[in-house]
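Dear colleague,

Please find below the structure that I am handing over to you. A short account of the findings follows it.

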Amino acid sequence: MSDAIVIEGVRKSFGKLEVLRGVDLTMAEHEVVCLIGASWSGKSTLLRCVNLLEPIEAGRIVVHGDEITARGVDVNAVRRQIGIVFQAFNLFPHMTVLRNLTLAPTEALGVSRAEAEQQARELLRRFGLLDKEQEYPDRLSGGQQQRVAITRALAMRPSIMLLDEVTSALDPELVAEVLDVIRELASGGMTMLIATHEMGFAKDIASRVCFLDEGAILEQGPPAQIFSEPREERTKRFLQRIIAAGRM
Amino acid sequence: MKESFFGVPSQGEPAIWSAFLLNVKMFLVAEPLILVLALVIAVVRQIRGPVFFPFRLVATAYTDFFRGIPLLLVIYITGYGVPGLEIRGLSFYRSPVIYAVAALVLSYSAYVAEVYRAGIESVHPSQVAAARSLGLSQWQALRFVVIPQAIRRVIPPLLNDFISLQKDTALVAVLGNIEAARAAQIYGAFRFNYSSFLVAAALFIVITIPLARFTDHLIERQRRRRSAGGLM
């Protein structure tokens, strides 16, 4: 079986700022990889590149054996199999929760409205959101909004999920409910690439942790090794700062 | 004043209030056309990609042109100039009202397109990213995510433009259409009694003030929603 994601030598800059300077990463099916690193280390940008929201300047990205960064690839088709969830939720504020979930399946996949709604309700029930289906996003708590955003991505039945600091905009007491959702996804075998500042969570859920530093993966390994005996000096310093900040 | 309002049919003097119905009719015909044409222009200006460059260029040129030309001149050009060309297909349309409405639509669409565009640009790019990330096309993202939010936001300024449109229907008097302002002028010229202008003014105000209050109401409602909704 081919790897879920192969990232090779990916480079990306915004103007003069080089954000990714040659990232290499291979993920097997059902693997959960956590990206850690300082802000501006390129975690979010890498996820956006895998979803083709940002064009890359060099390198290539292969998903399930198909190069998605090749010319002439149907970007919409690629995105349908890769779900992404953003830090700021980005729910559609003018639609109910249910419509947020059914929009893409009905319009991009051509599923009938009734079928899409039935599937959406199943997902909402699974994540304890069924009573919110008729609410508008701004009536929900941050934690609920983020759970809706995750289920919205799942409604497209993606084979890979990208999570971009999905708990960073939440009040601390709301983080747990979102992390529980992600744990459930992991136990269901979803392939996930997660950018996170929640080190405890990364330790717990990741099959592998990658430390991103200055636009490249400096060190990677199983969480136990990265968090307790990092080899690189810069990884050590980063983790010390995290501990000093009380985040681990 | 009463006479000017109802007119003196036996002497062939037009009634201002019935002339005013023409203003209302022109407004009602022009408004939906403007809403549609302006939205098309605004959307065309938004569509990205080199293939659409000529369309963007046309849309931009259109708004630049018609915002730059005084409405009165547009009315003269469409009302006198276009029929003067004696284009065969158009020769059926002798009524100056049609040319007048065309002038209003052409001119106002340019302004209203800019209002829409402001609305479209006020929708945060993260909304487009969210829509595209779900596999929706650029057009679907515009159609389902951006435009509905943009329109909600620009309803107050749109209404403002429509108050202005309702008043500017008076300008088409220059084509010889007897609308309210022209009827008032005719009455005044016959009787040397210019209170007829006040009658016409009152009629316009009767329409525009409720529109203005309605606009205020919508702005207030948006403000309340924003403060209740926090982030949004």
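Predicted model: local features only at pLDDT ≥ 70, side-chain atom pairs only at ≥ 80, totals over all residues.

Helix pairs in chain B

Helix 5 of chain B (residues 96-122) packs against helix 7 of chain B (residues 138-168) at an angle of about 150°, and their axes are 8 Å apart. Since angles over 145 degrees count as roughly antiparallel, helix 5 of chain B is therefore roughly antiparallel to helix 7 of chain B. The crossing of these two helices is right-handed. On the side of helix 5 of chain B, the residues in contact include B:Leu104, B:Tyr108, B:Val112 and B:Ile120; on the side of helix 7 of chain B, they include B:Val146, B:Arg153, B:Pro157 and B:Asp161. By class, this contact of helix 5 with helix 7 of chain B comprises 14 nonpolar, three polar and three charged residues.

The second pair is helix 2 (residues 16-46) and helix 8 (residues 180-191) of chain B, whose axes come within 7 Å and cross at roughly 155°. These two helices are therefore also roughly antiparallel to each other. Helix 2 of chain B contributes B:Ile16, B:Ala19, B:Phe20 and B:Asn23 to the contact, while helix 8 of chain B contributes B:Ala180, B:Ala183 and B:Ala184. Six of these residues are nonpolar, one is polar and none is charged.

Interface of chain B and chain A

The contact involves 19 residues of chain B and 24 residues of chain A. About 1,900 Å² is buried between the two chains, with carbon and sulfur atoms giving 64% of that area. Zero salt bridges are found across this interface.

With kind regards

Definitions and conventions: Residues numbered from 1 in each chain as written. Chains lettered and ligands numbered in written order. Heavy atoms only, no water. Axes fitted to C-alpha atoms, helices over the stretch in contact; angles between N-to-C directions. Helix = DSSP H or I, 4+ residues; strand = E, 2+ residues; numbered from the N terminus. Parallel < 35°, antiparallel > 145°, perpendicular 65-115°, else oblique. Left-handed = near helix turned anticlockwise from the far one by under 90°. Contact = heavy atoms within 4.5 Å. Nonpolar A, V, L, I, M, F, W, Y, C, P; charged D, E, K, R; others polar. Buried area = accessible area lost by both parts, 1.4 Å probe. Salt bridge = Lys/Arg side-chain N within 4 Å of Asp/Glu carboxyl O.
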